[in-house]
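The following report is intended for a reader who is new to this structure. Please view the sequence and the model first, and then read the sections below.

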Amino acid sequence: MPELPEVETVRRGLERLVVGRRITAVDVFEAKSFPVGPGLLPPAGVVGARIVAARRRAKVLILDLDNEYSLVGHLKMTGQLVVRGPEDWGAGHPTDSLLGELPDRSTRIDFRLDADSHLFFNDQRKFGWVKAIPTPMVEQLPFIASLGPEPLDAAGFPEFQRRAARHRRTTVKAVLLNQQVVSGIGNIYADESLWAVRVNPARPLAEVSDRKLRQLFQAASDVMTLSIELGGSTDRNYVDAEGNRGAYLGFANVFRRQGQPCHRCGTAIVKTKVAGRGTHYCPRCQRR
DNA sequence: CACTTGACCTGTCCGC
DNA sequence: TGCGGACAGGTCAAGT
């Protein structure tokens with residue numbers, strides 16, 4: 001469930017904790033978590049390189065190295081990138097940690113760093129991955145090059161509108177989840193954004209006015225900006241680079257709130273299935 | 001081409 | 001208490 005706010009929170013932690021560190025060794029415990037193949041550097045190839053930048057595109061994390069390669073990572077649903085060092089190391093200590101000693105049984109990769117520290121890639125369900133790719137190739141990877149604009153970029157609205165226009169018959173929720181149309185939104189923030197502008201998730205896009213669509217894009221930006229300030233959403237697994245939970249779900253209006261009163265009208269929030277996903281909405285505020 | 005469904009995985013929860 | 005099955009959801013391949 002890491003969506004844009006969670007990935008951005010991890011990115012900020014990595015920028016603070018591992019940029020400037022050198023990779024001294026890499027232990028891969030689950031081969032599929034660090035795929036190798038044409039154009040990909042095997043794990044041993046990053047040993048000796050220094051991490052020089054931590055970037056993000058939508059839900060994709062990018063750690064640039066000083067050897068012309070970048071570590072590109074996707075956390076998918078249960079991935080974590082957690083930094084650990086000596087006990088007295090670093091300014092931030094976990095205050096709401098979800099994790100114990102690392103590595104644990106979900107640890108797939110251990111990047112050993114200088115200064116006696118580690119960057120652990122944990123992933124209970126093994127859907128996530130980390131790949132080493134030539135830095136100039138990162139933006140050209142098909143799945144990155146085809147991403148739609150991010151809601152945090154207000155100037156991206158016309159492009160979002162243009163791309164969305166090709167999907168007028170599908171539900172507005174499915175469109176929000178389509179990373180080629182608009183990127184960075186996942187199940188949590190799709191539901192939260194739709195509640196904010198009182199649009200029913202199952203509405204065909206054709207029934208959503210241009211004005212509503214603009215409000216929706218803005219709402220997605222607002223809700224994700226707030227979530228970043230709160231360190232993201234922790235439903236089950238998500239933690240930041242220090243192992244801490246995010247606090248956004250305490251402020252959620254619909255996600256995982258089925259049966260509880262709508263914060264606007266008091267009606268019980270309903271959970272259904274739209275676009276093959278669990279979907280939460282207020283049946284009164286968000287009529288079809 | 002637009003759109004939906006299934007697969008990838010494992011841990012958790014629910015009903016029997 | 002144990003056990004089968006549903007469920008969780010990001011993305012892509014395969015299906016309609």
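## Surroundings of the DNA strands

DNA strand C is surrounded by 13 residues, of which Lys59, Phe143, Gly186, Asn187 and Gly278 are the closest. A residue counts as near a molecule or strand if its C-beta atom, placed from the backbone, lies within 6 Å of it. The surface near DNA strand C comprises four nonpolar, four polar and five charged residues. In this division, Ala, Val, Leu, Ile, Met, Phe, Trp, Tyr, Cys and Pro are nonpolar, Asp, Glu, Lys and Arg are charged, and the others, Gly among them, are polar.

The model is predicted: local features need pLDDT of at least 70 and side-chain atom pairs count only at pLDDT 80 or more, while totals for chains, interfaces and linings use all residues. Residues are numbered from 1 along each chain as its sequence is written, and chains are lettered from A and ligands numbered from 1 in the order in which they are written.

The residues around DNA strand B include Arg105, Gln124, Arg125, Lys126 and Phe127. Arg166, His167, Arg168, Arg169 and Thr170 also surround DNA strand B, as do Ala174 and Gly276. The surface near DNA strand B divides into two nonpolar, four polar and six charged residues.

## The antiparallel sheet

An open sheet is formed by four strands in the order S1-S6-S7-S5, with antiparallel pairing. S1 and S5 are at the edges and have a single partner strand each, so one side of each lacks a neighbour in the sheet. On average, neighbouring strands of this sheet are turned by 15° against each other, direction ignored. Strands are DSSP runs of E with at least two residues, helices are runs of H or I with at least four, and both are numbered from the N terminus. Two strands pair if DSSP finds at least two bridges between them.

Five bridges link strand S1 (residues 23-28) to strand S6 (residues 107-113), and valine 28 has isoleucine 109 in S6 as its bridge partner. S6 is joined by six bridges to strand S7 (residues 117-123), where asparagine 122 is the bridge partner of threonine 107. S5 and S7 also pair over six bridges, and leucine 81 has phenylalanine 121 in S7 as its bridge partner.

## Backbone features

Most residues other than glycine have a negative phi, and most peptide bonds are trans. In the hairpin of S6 and S7, which has three residues between the strands, alanine 115 has a positive phi near 60°. Lysine 126 also has a positive phi, near 60°, and is located in the loop between S7 and strand S8 (129-134).

The peptide bond from leucine 102 to proline 103 is cis, with omega near 0°. Proline 103 lies in the loop between strand S5 (79-84) and S6.

## Helix packing

Helix H3 (residues 157-164) packs against helix H6 (residues 210-229) at an angle of about 120°, with the axes 11 Å apart. Axes are lines fitted to C-alpha atoms, for helices over the stretch in contact, and angles run from 0 to 180 degrees between N-to-C directions. In H3, Phe157, Phe160, Gln161 and Ala164 meet Leu213, Arg214 and Phe217 in H6; residues are in contact if their C-beta atoms, placed from the backbone, lie within 7 Å. This contact divides into five nonpolar residues, one polar and one charged.

The axes of helix H1 (residues 4-17) and H6 come within 9 Å and cross at roughly 35°. Leu4, Pro5, Glu8 and Thr9 in H1 meet Met224, Ser227 and Ile228 in H6. The contact of H1 with H6 comprises four nonpolar, two polar and one charged residue.

How values were computed. Contact = placed C-beta atoms within 7 Å.
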